[in-house]
Each structure stands twice: as structure tokens, then as C-alpha cells.
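Me: I have a structure here and I'd like to go through it bit by bit. Can you take my questions one at a time?

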Amino acid sequence: MPELPEVETVRAALSRDIAGKKIKSVTVTNGKLTKRHKNVKDFRALLEGHTIKTVGRLGKNLVIGLDSGNHLVIHLGMSGQLLRARGTKDVKPKHTHVVFVFNQGGELRYVDPRMFGELYVSEAPKEGVKVEVSPYAKLAVGGDGVALRAKVPELADLGIDPVEDVVGWDRFAAILRDRATPLKALLTDQHIIAGIGNIYADEILYTAGLRYDRPSGSLSTIEVRRLHRSIGEVLAEAIKHGGTTLADEQFVDPDGHKGGYQAFLHVYGREGEACHRCRNIIKKVTVRGRATYFCENCQG
């Protein structure tokens, strides 16, 4: 599943291209993807004729602001892709289920073989209605995340976004304190921290030198600070390299280019290979149905 760095890569590319464009028409060939709406016609009506003002992101969700005050939310699910096309003459990839056509020319196509993604229009809260955002997100001392949650009620319960929310290590420590939650489970809980999944949780914990099953409340102050720093560093590097494209080659940016961070992975997908630090063999275990990769020697 695309995680924060992959979705951020898509967001940055689309922000440069579709912001300011007017949506001429929307075609949906499978209503399962827009199931939050009564029907496809309602979904289209909230988009057609409107201009894209902003292209944002919260966790693993793209959040596209419209001149109506509403937001188009796109979750790529397991295999979703957003691909740009110059026009109708460009061959549509198999599994193209949604097409946005712009007045200025060009198309944006949503492609999804496995159909676990979702698209919906979040209507702006009515005047006087206060949206209660996640208590974890409220720990932020800066960033645009809290304001965006208040505009998109469906995303209000998302936890801290490590890029969009500014949270110091001391406030991060307050989340870990008095919990017995295993670290990987905490990092991948979208209600606590939004955007991190299987790949980056393993990489963050390796960089921080911490085991996946350490109870979060057992960390010393030094370990908390190390984990906090590792989250920022790993995600920033992954974004810098355009995200991770695994062997299935499912993730590509809107121009069809693969990510490059897979060349820098320390543990994920490297079972049986030598640790980059100590040369011990990388181990793989399955926890709650999820593959977890780690170095027994470097992570304590």
C-alpha cells in the first residue's frame, strides 16, 4: 500500500500540474470506488465545473481543494495510481476506472487493479459546525494539518501527520508514555500517527535501533528522542527519492516513473541478507498477519 512518502510524491507532482485547472468532466466506470455517494451522478455533480485550488495530503490521503469549498479525497488503497495524460488519444491503461478531463486540456486517470482505493467529495462543514479533530493531532504546535482536518470531517480522526504536523519530541513522548503497545503497532495505527505503514515502520525502527515488539512505554528519554528523529529522517529521505517501488512495480508517480528509495532500504524485504551495520542476517517474522523485518543485533 502506498504510504506517506509515495502519496506525498504524487501530491507534489499534481500540485505543479493541476492546481488552477477547471474540471470539465468526470467519468466513473465502477461505482464501488465512489461508494460514499448515493450514485456516480452525485459524485460527478460535486466536481464538474469546479476549479482546483489546492492539492494537499493528510496521512495516506490526497486532499484536493475546490473553489466550492469542498474537497476531493483520494485514497490509493493497495494498488491505486494517478496518471497524467495529454488527452483522450493517449491509450488508457487497463483498470482505468475514473477519468478527470480539464478545460485547459489533459486528463488525470485513476487506475486500480485491486479496487481497494476510494474517491469521495467531502462537503465543507456548515457554518457554526465545529469539527472535533484527533486529540493526537492537537498536540501539534505548527503545520497545516489541524486546519485541514477541520475542513474535511472524514479525516478529523487521523493522528499526527509527521510532515504536516509539527510535534516536538517531548509531546511525542507523551503519546508513548504509560502504554504497553508494541512500537510497530503504534507507528502503524493511523489514529495515532497517520501515514506510516509496513515499509517505513520497519525502516524507522531499524534507524532508531529499536525492536518492533518493544512496549512503547518502556523507552528511555534518549530512545524516545532517537525514535522521534528517525521518523522525520526516514520519511524525508523517502520523499527525496520519490518513494518506494517494490518488485510488483505497483507504485509510480503521475508520469509513470518508479520511486527510488527501494535502493536505500536497510531491512524491509531483505530477509536472509546481511545487515548494513553489523553484517548479521536480517530476520523476518509475521506479526498480526504482517511481515516484519529487523536485525536482532542492532535493534534492542
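Me: Which residues of helix α4 are buried, and on how many sides of the helix do they sit?
Reply: This is a predicted model, so take everything here as computed. In α4, which runs over residues 169-176, the buried residues are F172, A173, I175 and L176. Their arc around the axis is only 155 degrees, so they sit on the same side of α4.

Me: Which residues touch the most other members of the largest nonpolar core?
Reply: That core has 41 residues. Elements giving two or more residues to this core are α4, α5, α6, α7 and β12, and the largest share, seven residues, comes from α6. The ones touching the most other members are L187, I196, Y200, I204, L227 and I231.

Me: Pick I204, then. What does I204 touch, if I skip residues up to four places away in sequence?
Reply: I204 is among the residues that touch the most other core members. With those sequence neighbours left out, I204 touches L187, I196, L227, S230, I231 and V234.

Me: How many residues are in the other core?
Reply: Nonpolar side chains in soluble globular proteins tend to be buried together. Here another core lies apart from the largest one, and I18, I52, L62 and L76 are among its members. Its count is 29 residues.

Me: How far apart should the ends of helix α1 be, and how far apart are they?
Reply: α1 covers residues 4-17, which makes 14 residues. At 1.5 Å a residue the helix should span 20 Å, and the distance between its end C-alpha atoms agrees: 20 Å.

Me: Is α1 mostly covered or mostly open, and what does the covering?
Reply: α1 is mostly covered, with 10 of its 14 residues buried. Those include L4, V7, V10 and L14, but also E6, E8 and R11. What covers the buried residues includes β2 (52-58), β3 (61-66), β5, β7 (107-111), α6 (198-208) and α7.

Me: Is V99 buried or exposed?
Reply: V99 lies in strand β6. Leaving aside neighbours within four places in sequence, V99 is in contact with S25, V26, T27, K92, E107, L108 and R109. Buried means under 20% relative accessible area. The value for V99 is 7%, so V99 is buried.

Me: H95 and R288 have positive phi values too; which loops hold them, and how exposed is each?
Reply: H95, with phi near 70 degrees, lies in the loop between β5 (81-85) and β6 (96-102). R288, with phi near 55 degrees, lies in the loop between β11 (283-287) and β12 (290-294). At 32% relative accessibility H95 counts as partly exposed, and at 71% R288 counts as exposed.

Key. Residues numbered from 1 in each chain as written. Predicted model: local features only at pLDDT ≥ 70, side-chain atom pairs only at ≥ 80, totals over all residues. Heavy atoms only, no water. Helix = DSSP H or I, 4+ residues; strand = E, 2+ residues; numbered from the N terminus. Buried < 20%, exposed > 50% of the residue type's maximum accessible area, 1.4 Å probe, protein only. Arc of directions from axis to C-beta. Expected span 1.5 Å × (residues − 1). Contact = heavy atoms within 4.5 Å. Core = buried A, V, L, I, M, F, W, Y, C linked by side-chain atoms within 4.5 Å.
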